[in-house]
Amino acid sequence: MKSTSPSHPLRIAILECDTGLPKALAKYKRYGAISSALLEAGAKAAGLSEGDLDIKNWDVVNHVGNFPKLEDVDAVFLTGSKYDSFASVPWTNQLVDFVKSILAQKRVKLVGVCFGHQIIGRAMSAKVGRNEAQGWEVSVTDVDLTEEGKKVFEGKDTLMHKDIVFEYPDGVQPLGSTSRCKVQGMFVPERVMTVQGHPEFTEEILVEILEVRHEQGVFGDEMYEDAMARVGKKHDGVMVGKRFIEFILDK
């Protein structure tokens, strides 16, 4: 594949919004590395060469206000999290304010998955909260795509959420929906790209989460068994990672 390397390495700041579970941490060492692996796979699929990404992780949970300088990055990636995106606590409030500062300028791109998608929606004044009416969406799930969404997905995403963005913020192009969540992805050309799912999750990561939450009683037997039956299905992870990289490259 012909190289499409940028003129300088893409400087991507991953804001780690969680700490991860033991098996995943044993393999990846830190939570942000799971997202790094997705971006690296996406970069390879996009024809970039080794060394075209300069990724740094920023722990925003344990180090409140720990954010990169915008002049030092080309894109900011917000990870998923077990925490509530709608909570009014110091680290999430400061994270929302930081996202607003990115939205106020036009050079640095914003990418978010799951919790990160919700934080970006919150920063854009959308209602974010618990989806008590519809409940959890878990495991590999079909997503109904818009025309723009078909450029990002083939139609299967890995979901693990009960919190949602309830409506699309002004100026946002919808990417997709499901019967339980109408805001499955948001796109603002040259500015923002988000998905409600977890394209970074491998089958191994997803199984660990399902097992832990089943053991904790968060997921009942029926939900757990249904999710495990779908956990090994093909999903659009690398395709989404590729599209994230192309978005950062303005392609």
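A charge sits over a ring if NZ of Lys or CZ of Arg is within 6 Å of the ring centre and within 35 degrees of the ring normal. K127 meets this rule: its charged end sits over the ring of F166, 4.3 Å from the centre.

This is a predicted model, in which local features need pLDDT of at least 70 and side-chain atom pairs count only at pLDDT 80 or more, while totals for chains, interfaces and linings use all residues. Residues are numbered from 1 along each chain as its sequence is written, and side-chain values use heavy atoms, with hydrogens and water left out.

Start with the whole protein. Its secondary structure comes to 7 helices and 12 strands. Helices (H or I, at least four residues) and strands (E, at least two) are DSSP runs, numbered from the N terminus. The C-alpha atoms fill a box of roughly 50 × 40 × 40 Å, taken along the principal axes. With 251 residues, a compact globule would have a radius of gyration near 18 Å, and the 17 Å of the protein agrees with that. The radius is taken over C-alpha atoms, and the globule rule is 2.2 Å times the number of residues to the power 0.38.

The accessible surface comes to about 11300 Å². Carbon and sulfur atoms hold 50% of this surface. Accessible areas come from the Shrake-Rupley method with a 1.4 Å probe; for residues, only the protein chains shown count as cover. Of the 251 residues, 55% count as buried. Buried means under 20% relative accessible area, exposed over 50%, and partly exposed in between (1.4 Å probe, protein chains only). Contact means heavy atoms within 4.5 Å. Among contacts between residues at least 6 apart in sequence, 75% join residues at least 24 apart.

Now the aromatic rings. Rings of Phe, Tyr and Trp (its six-membered ring) pair if their centres lie within 6.5 Å; planes under 30 degrees apart count as stacked, over 60 as edge-to-face and the rest as tilted. By this rule the count comes to 6 aromatic pairs. One of them joins W136 and F219 edge-to-face, at 5.0 Å centre to centre and 85 degrees between the planes. W136 lies in the loop between β5 (128-130) and β6 (137-142), and F219 in the loop between α5 (203-215) and α6 (221-230), so the pair ties together parts that are 83 residues apart in sequence. Both W136 and F219 are buried.

F187 and F247 also form an edge-to-face pair, with 6.1 Å centre to centre and 70 degrees between the planes. F187 lies in strand β11 (residues 185-188) and F247 in helix α7 (residues 237-248), so this pair ties together parts that are 60 residues apart in sequence. Both F187 and F247 are buried. Elsewhere, ring pairs link Y83, W91 and F115 into a cluster.

Strand β11 also holds V188. V188 is buried, with a relative accessible area of 16%. Leaving aside neighbours within four places in sequence, V188 is in contact with M124, G171, V172 and F247. The C-alpha atoms of V188 and F115 are separated by 18 Å, and the two residues are 73 apart along the chain.

Turn to H161, in strand β8 (residues 156-161). H161 counts as buried, at 3% relative accessibility. Its side chain makes a polar contact with the side chain of E137 (2.6 Å). A polar contact is a pair of N or O atoms within 3.5 Å; within protein, one must be able to donate a hydrogen and the other to accept it, and residues adjacent in sequence count only if both atoms are side-chain atoms. A polar atom of the H161 side chain also lies 2.9 Å from the backbone oxygen of D163. Not counting residues up to four places away in sequence, H161 touches C114, Q118, G135, W136, E137, C181, Q184 and Q196.

The side chains of T178 and Q184 make a polar contact (3.2 Å). T178 lies in the loop between β10 (173-177) and β11. It is buried, with a relative accessible area of 10%.

At 3% relative accessibility, C114 counts as buried. Its phi is near 50 degrees, a positive value in a residue other than glycine. D250 has a positive phi of about 65 degrees although it is not a glycine. D250 is found in the segment after α7.
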